[in-house]
Amino acid sequence: MDARYLAEAPAILREFLGYMETVKGRSANAMNGYFIDLRLFFRFLLIQRGICKPSDDAFPDIKLVDLDLIKSVTLADLFEFMNYLKNERDNSNVARARKACSLRQFFHYLAEIAHKIDDNPAKNLSTPKLPSRVPKHLTLDQSIQLLQLPGQSKYPERDYCILTLLLNCGLRRAELAGLNRTDVRDDNTLRVIGKGNKERVLYLNEACQQALAAYLPKRPMEGVKDKKALFYGHTKERISLQGVHYIVKGYLKQVDGAEELSTHKLRHTAATLMYQQGGVDLLVLKEMLGHKNLGTTEIYTHTSNEQLRKAAESNPLAKMKTPSPTKKAKKSDED
């Protein structure tokens, strides 16, 4: 976690962050997110209580927040904060949902773990409804086009290997940047440390094995600043999250129709191709991607318009002809 944030945090917030890091195993990025969300709430609270006055020149000092102030928070305060986010900060539903989650985690810790407050005001704090979206991803043709691009780059073996692992293993950007040389095992498996420091082992297919075999002899050895790292940037430091983004984004801009996609969409692509075209079982896919809940993996069960069209046409009744209308027979005298 960013040391500057810890220096700014009041004691009660540092305790919560320490719990989330050491006990819950949250990543540094997640910790920074908790701090930023709760800092905004604390600033709002200090102004609402009249402890600090709003100013264009300086933000309220959140070190003024103590346990007595936290104990005074009600569900109504939290709803006012959510309204403030929507109406004055113009936060999206996604942004407000994340902040609501941070608040629930914080007050749950105080009430149920640390027992510093008697009642949890965030217990009934609802989350803004999020739209159900099909994750964007590359098509198979776009993926092939992407893999053909690194040949003329300054570091072709490295870049090709990065793209291959992302597209075949469904790695997160942080997981790829955190790979060590020793994580590539002799039995053609890859050790990955995912969210919450959870370890999983992935089997490397032939494409990954060949990409690694081509890259490893080119992997820098002299003058590197972290000898354990699998991938390095141009400064011979372990490749950073921003470095991975810069490399992948540069190639995506050269793929027709993929200019607006991000590095994370390669993870979506890997999952979608494995599920829809590879027939991988959903539970297996869940383990490969390192998802905690099956519901997260189910977003990849989406179907394309073409699949829906083919499904409709495959119905054995699809060729039935609509009967022509017949004239109603006249009643006979014998009826």
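This is a predicted model: local features need pLDDT of at least 70, side-chain atom pairs count only at pLDDT 80 or more; totals for chains, interfaces and linings use all residues.
Q: How many helices and strands does the protein chain have?
A: Elements here are DSSP runs numbered from the N terminus, with helices (H or I) of at least four residues and strands (E) of at least two. Counted that way, the secondary structure of the protein chain comes to 15 helices and 2 strands.

Q: Are H8 and H10 roughly parallel or antiparallel to each other?
A: Axes are lines fitted to C-alpha atoms, for helices over the stretch in contact, and angles run from 0 to 180 degrees between N-to-C directions. Under 35 degrees counts as roughly parallel, over 145 as roughly antiparallel, 65 to 115 as roughly perpendicular and the rest as oblique. The axes of H8 (residues 156–169) and H10 (residues 206–215) come within 9 Å and cross at roughly 160°. The two helices are therefore roughly antiparallel.

Q: Which residues of H10 make the contact with H8?
A: The crossing of H8 and H10 is left-handed, a term for the near helix being turned anticlockwise from the far one by less than a right angle (right-handed if clockwise). H8 brings Glu157, Arg158, Tyr160, Cys161, Thr164, Leu165, Asn168 and Cys169 to this contact. On the H10 side, the residues are Ala207, Cys208, Ala211, Leu212, Ala214 and Tyr215.

Q: Within what arc do the buried residues of H10 fall?
A: The buried residues of H10 are Cys208, Ala211, Leu212 and Tyr215. Seen down the axis of H10, they line one face of the helix, because their arc, taken over the directions from the helix axis to the C-beta atoms, is 95°.

Q: Which exposed residues does the face of H10 turned away from its buried side carry?
A: What covers the buried residues of H10 includes H8. The face turned away from that buried side carries the exposed residues Glu206 and Ala213.

Q: Is arginine 158 buried or exposed?
A: Arginine 158 is in helix H8. Leaving aside residues up to four places away in sequence, arginine 158 touches Tyr215, Phe231, Tyr232, Gly233, His234 and Ile247. With a relative accessibility of 10%, arginine 158 is buried.

Q: How many nonpolar, polar and charged residues are in the contact of H3 with H6?
A: H3 (residues 28–48) and H6 (residues 93–113) pack at about 90° with axes 9 Å apart, which makes H3 roughly perpendicular to H6. Gly33, Tyr34, Asp37, Leu38, Leu40, Phe41 and Phe42 in H3 meet Arg98, Lys99, Ser102, Leu103, Gln105, Phe106 and Phe107 in H6. Ala, Val, Leu, Ile, Met, Phe, Trp, Tyr, Cys and Pro count as nonpolar, Asp, Glu, Lys and Arg as charged, and the others, Gly among them, as polar. By class, the contact divides into 8 nonpolar, 3 polar and 3 charged.

Q: What distance separates the C-alpha atoms of tyrosine 19 and tyrosine 109?
A: Tyrosine 19 lies in helix H2 (residues 11–22) and is buried, with a relative accessible area of 18%. Not counting residues up to four places away in sequence, tyrosine 19 touches Lys24, Tyr109 and Ile113. Tyrosine 19 and tyrosine 109 are 90 residues apart along the chain, yet their C-alpha atoms are separated by 8.5 Å.

Q: Which residues does serine 153 touch, not counting those up to four places away in sequence?
A: Serine 153 sits in the loop between helix H7 (140–147) and H8. At 21% relative accessibility, serine 153 counts as partly exposed. With that sequence limit, serine 153 touches Asp159 and Tyr251.

Q: What is the phi of lysine 236 near?
A: Lysine 236 is found in the loop between H10 and helix H11 (241–252). At 35% relative accessibility, lysine 236 counts as partly exposed. Its phi is positive in a residue other than glycine, near 65°.

Technical notes. Residues are numbered from 1 along each chain as its sequence is written. Side-chain values use heavy atoms; hydrogens and water are left out. Contact means heavy atoms within 4.5 Å. Buried means under 20% relative accessible area, exposed over 50%, partly exposed in between (1.4 Å probe, protein chains only).
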